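Here are some notes on the model, point by point. They cover the aromatic pairs, the sheets and the nonpolar cores.

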Amino acid sequence: MKNILIVETGRPAPSGAFGGSVKSIFQLIEKIDKSKFRLFYYSKHSIDLVNLKLESYNIINLTNKVSINHVNRFSFKKYLPDFFKKSIIYNYLYFLSNKNFVNRLIKLISENQIDIVHGNDRFTANIHVIKSAKLSGVRYIQHQRKFEDKIPFYFHKYLNYPTEYIAISEAIKSNLKFRLRIGEDKIKLIHNWINLDLNENFHTNIKSKYSLNILWIGRIIPWKGIDVLIDFSNELINRKKMNFKFQIYGDFMDKKYQIKIFNTISKYKLNNYFIFNGFDSLKNIFSENYFCLIHTSKQPEPFGRTIIESMIHKIPVIATNAGGVPDIIKDNFNGFLYDPENIEQLIKKINLLTNMTIRTRIEKNAFETIIKKFAGKSQVKQFEEIYNNGKTNT
């Protein structure tokens, strides 16, 4: 039996909700053959909902074994000017300051006889985890869930240590090849997926009182583009399509941004058209019928987990045509793609969905796409093969 340590570095939302990367790794935790692999989990942030799920799967949770409250920051940080915090000198010192965290993680790897460390974030976020694995002499797998930009020169010596880079979309794979200069032989494309309970009712018959009851799910941060819905609202009102609501599920990650969005909604007198529901379970979210899900990300989405979650519930998806989204959506086949800067294009896609023949075809194709491509059977098998047959670290 091999001992696998999964490391998560992402921070939770204010409500304690966890993001798509944690949801996705739980799909693996649920289905992997536990007679062959003993799983350990460590997160930089203790999240009650995650801890409860780990306990239910009988996974060994090491999160509280390493305290990082006194590392990852300088005690004098608040006294430094902002321009210095962005300098290469500060970032290098910040990198070196995590020595205590690295040493403690090395101790955990040794004490639990870890064979493989599986980093569940982007390379730069996992850099101290990679360093810990390298100093421990154990295999390291980099599960790349976000795009990289510039890589500091002092990270370069760690680029070849992972035996495999797992890309969650073709866009992430290209980013690894051309930004990090990782050889194609080291990159495996394994899409995110959702574990299906085929006893679940994936389509409700509850009638919505709004002809356009539109769903939006995600962390509410600027690049997720919720302001696109504000522009869209004005267009719907101007065209006399008054009977609509946007059902928004997710947490604001920044108070200033929340105030800005609320002020903009009030300025245009749109308060009656937006319902901010905060975080909720998928079961509760999908207990209602929706006209469609509108995905509004202005920057390329690494994958688009909420898209496949909506498709399996037979909710038509209109999504921005960038990043990992085209891996999932084929325009006018199982959903629609649009440019978030082009509201007229979005209006046209909405109009197409009012045609029941088109809508039924889209729903059917979307559901079948998930069953065939994003239901996890091949993905779990690939991970088990990687764990079993991986290369040796260099």
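1. Rings of Phe, Tyr and Trp (its six-membered ring) pair if their centres lie within 6.5 Å; planes under 30 degrees apart count as stacked, over 60 as edge-to-face and the rest as tilted. By that criterion, ring pairs join Phe232, Phe244, Phe246, Phe252, Tyr257, Phe262, Tyr273, Phe274 and Phe276 into a cluster. The structure holds 20 aromatic pairs.

2. On provenance: this is a predicted model, in which local features need pLDDT of at least 70 and side-chain atom pairs count only at pLDDT 80 or more, while totals for chains, interfaces and linings use all residues. Residues are numbered from 1 along each chain as its sequence is written, and side-chain values use heavy atoms, with hydrogens and water left out.

3. Tyrosine 42 and phenylalanine 101 form a tilted aromatic pair, 6.2 Å centre to centre with 35° between the planes. Tyrosine 42 belongs to strand E2 (residues 37–43) and phenylalanine 101 to helix H5 (residues 99–111), so the pair ties together parts that are 59 residues apart in sequence. Helices (H or I, at least four residues) and strands (E, at least two) are DSSP runs, numbered from the N terminus. Tyrosine 42 is buried at 0% relative accessibility, and phenylalanine 101 is buried with a relative accessible area of 0%. Buried means under 20% relative accessible area, exposed over 50%, partly exposed in between (1.4 Å probe, protein chains only).

4. Phenylalanine 274 and phenylalanine 276 have ring centres 6.1 Å apart and planes at 15°, so this pair is stacked. Phenylalanine 274 is buried at 7% relative accessibility, whereas phenylalanine 276 is partly exposed at 28%.

5. Two charges sit over rings (NZ of Lys or CZ of Arg within 6 Å of the ring centre and within 35 degrees of the ring normal). The charged end of lysine 314 is 4.9 Å from the ring centre of phenylalanine 367. Arginine 359 lies over the face of phenylalanine 291, at 4.8 Å from the ring centre.

6. Strand E4 (residues 116–119) and strand E5 (residues 139–144) pair over 4 bridges.

7. Strand E8 (residues 212–217) and strand E9 (residues 244–249) are joined by 6 bridges, with isoleucine 214 opposite phenylalanine 246.

8. The largest nonpolar core has 56 residues, and Leu5, Val117, Phe123, Leu215 and Ile307 have the most contacts inside it. A second, separate core of 33 residues includes Trp216, Ile226, Phe246 and Ile248. Such a core is a set of buried Ala, Val, Leu, Ile, Met, Phe, Trp, Tyr and Cys residues joined through side-chain atoms within 4.5 Å.

How values were computed:
Two strands pair if DSSP finds at least two bridges between them.
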